[in-house]
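Work through the following exercises with the coordinates open, and compare each step with the solution below it.

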Amino acid sequence: MRRPTRLAIAVTLAAAPVVGVAAPAALTSSATAANRAGVLSVHLNGFESSLTADINKARRSAGLRPLVVIPGATDVARRWSWRMAHSQVLSHNPSIVHDITSAGSAAWTEIAENVGEGPSDSPHALFGAYMASPPHRANILDPAARYVGMGTVERDGIAWNTIDFTNAYNNRYGRTRVPADGLTMDRNRIISTTNVAMLEKSSDQRFAARHHGGLTASRLSFTGPTSRNDAAYTWVRQTGGSSGRGGMMMREALDLSRATTLRLQLSARGTRSGSVPVRVYLERSFGGTVSLGTVHVGSNARWVDLALPSAARSFRNALVLKMTANAVRSAGGRVRLAMYDVQAHV
């Protein structure tokens, strides 16, 4: 039986420094709002894009200006949606004030949040549920709202959604740091050899750095666009202990059922000469991880071909590169890991 759309209970808070479990939550302060100029674009998955379009259509019909999707609040919303999907509990972000303030909206005078969950192939159903609830509808049609963060994560066919509204934003926050979850509704069916990623531009919001334990990975940077072979890269550093992982990931909804090989162009430059072992994985959100093996790459970019085992030849939405703490230590304690191209071969 199809799971129905659900929203959290409706509670409104005002002038409060902490938000508890409430939906929607609204906050006010005496700060001044920032202007809308020069907001960086945000890459959304299909659910997020459709829900944003529905919201702005409703606002235009009500004579209100459309909301601008901002990187900072989107990172906050996506992190909270991941938390809800992990716990499978619908709730509000208790740290929303701190999180929104730290994500480019320190000058906010208003914050509000809607959270809900429903079928991952039906963003319009969730929008209808929000609009049928007077408090959620009030947040969507609030004349004071200027910006929105949109986050949706899929688990077992259910979309866990967070919408964070605010009226101030400072573009110095930069681009998004949490890639959109690759949803089943967005799946890219690989039926012929395809360039999945060609990093010949200034950024690609599907990529992000990852780290855990005794390693840290710098925020992902991009060398392009130039006339050379451009890359996304992160500096992975050893910070303590003998355990830990660091590297990068690409989130993309890929149907690899007909693909046989994944071809990557990589480099890994340590402070000591020599090659560095890099482990390559394909993941699915809440659906397991498949190892494609370990490749040894050095300071010069090289292509590596990785056969796709039967377990990987299905829907996958994350490609992950990892280095262990031992590998980074052996390379001198610091490694520049770079990815240039990703190809899926049929």
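**Exercise 1. With which residue does Arg206 form a salt bridge, and how far apart are the closest N and O atoms?**

Solution. The model is predicted, so local features are taken at pLDDT of at least 70 and side-chain atom pairs at pLDDT 80 or more, while totals for chains, interfaces and linings use all residues. Residues are numbered from 1 along each chain as its sequence is written, and side-chain values use heavy atoms, with hydrogens and water left out.

Step 1. A salt bridge here is a side-chain nitrogen of Lys or Arg within 4 Å of a carboxyl oxygen of Asp or Glu. By that criterion Arg206 is bridged to Asp204, with 2.8 Å between the closest N and O atoms.

Step 2. Arg206 also forms a salt bridge with Glu252, where the closest N and O atoms are 2.7 Å apart. This pair links distant parts of the chain, since Arg206 sits in the loop between strand S8 (194-198) and S9, and Glu252 in strand S13, 46 residues apart; helices (H or I, at least four residues) and strands (E, at least two) are DSSP runs, numbered from the N terminus.

Step 3. Taken together, Asp204, Arg206 and Glu252 are linked in a network of salt bridges. The structure holds seven salt bridges.

Step 4. Arg206 counts as buried because its relative accessibility is 12%, where buried means under 20% relative accessible area, exposed over 50% and partly exposed in between, with a 1.4 Å probe and protein chains only. Asp204 is buried as well.

**Exercise 2. Which parts of the chain does the pair of Arg210 and Glu283 link?**

Solution. Step 1. The side chains of Arg210 and Glu283 meet in a salt bridge of 3.6 Å, N to O. The pair links distant parts of the chain, with Arg210 in strand S9 and Glu283 in strand S15, 73 residues apart.

Step 2. Arg210 is partly exposed, at a relative accessible area of 30%, whereas Glu283, at 14%, is buried.

**Exercise 3. What is the volume of the largest pocket, and which residues lie closest to its centre?**

Solution. Step 1. On a 1 Å grid over the protein atoms alone, a pocket is an open set of points with protein on both sides within 12 Å along at least five of seven lines, and lining residues have an atom within 4 Å of a point. Grid points are joined across faces, edges and corners, and a volume is the space filled by probe spheres set on the points.

Step 2. The largest pocket has a volume of about 680 Å³. Of its 29 lining residues, those closest to the centre are Trp82, Ala209, Arg210, Met249 and Arg251.

Step 3. Strand S13 (244-255) is among the elements that each supply at least two residues of this lining, and S13 gives the most, with six residues.

Step 4. By class, the lining has 11 nonpolar, nine polar and nine charged residues, where Ala, Val, Leu, Ile, Met, Phe, Trp, Tyr, Cys and Pro count as nonpolar, Asp, Glu, Lys and Arg as charged, and the others, Gly among them, as polar.

Step 5. The second largest pocket has a volume of about 230 Å³. Its lining comprises 16 residues, of which Thr176, Arg177, Phe207, Arg219 and Leu220 lie nearest the centre, and S9 gives the most to it, with four residues.

**Exercise 4. How many aromatic pairs does the structure hold?**

Solution. Step 1. Rings of Phe, Tyr and Trp (its six-membered ring) pair if their centres lie within 6.5 Å, and planes under 30 degrees apart count as stacked, over 60 as edge-to-face and the rest as tilted. The structure holds two such pairs.

Step 2. The rings of Trp82 and Phe286 have centres 5.7 Å apart and planes at 35 degrees, so this pair is tilted. The pair links distant parts of the chain, Trp82 being in helix H2 and Phe286 in the loop between S15 and S16, 204 residues apart. Trp82 is buried, with a relative accessible area of 16%, and Phe286 is partly exposed at 27%.

Step 3. Tyr147 and Tyr169 form a tilted pair, with 6.1 Å from centre to centre and 50 degrees between the planes. Both Tyr147 and Tyr169 are buried.

Definitions and conventions
On a 1 Å grid over the protein atoms alone, a cavity is a set of points where a 1.4 Å probe fits but cannot get out, and a pocket is an open set with protein on both sides within 12 Å along at least five of seven lines; lining residues have an atom within 4 Å of a point.
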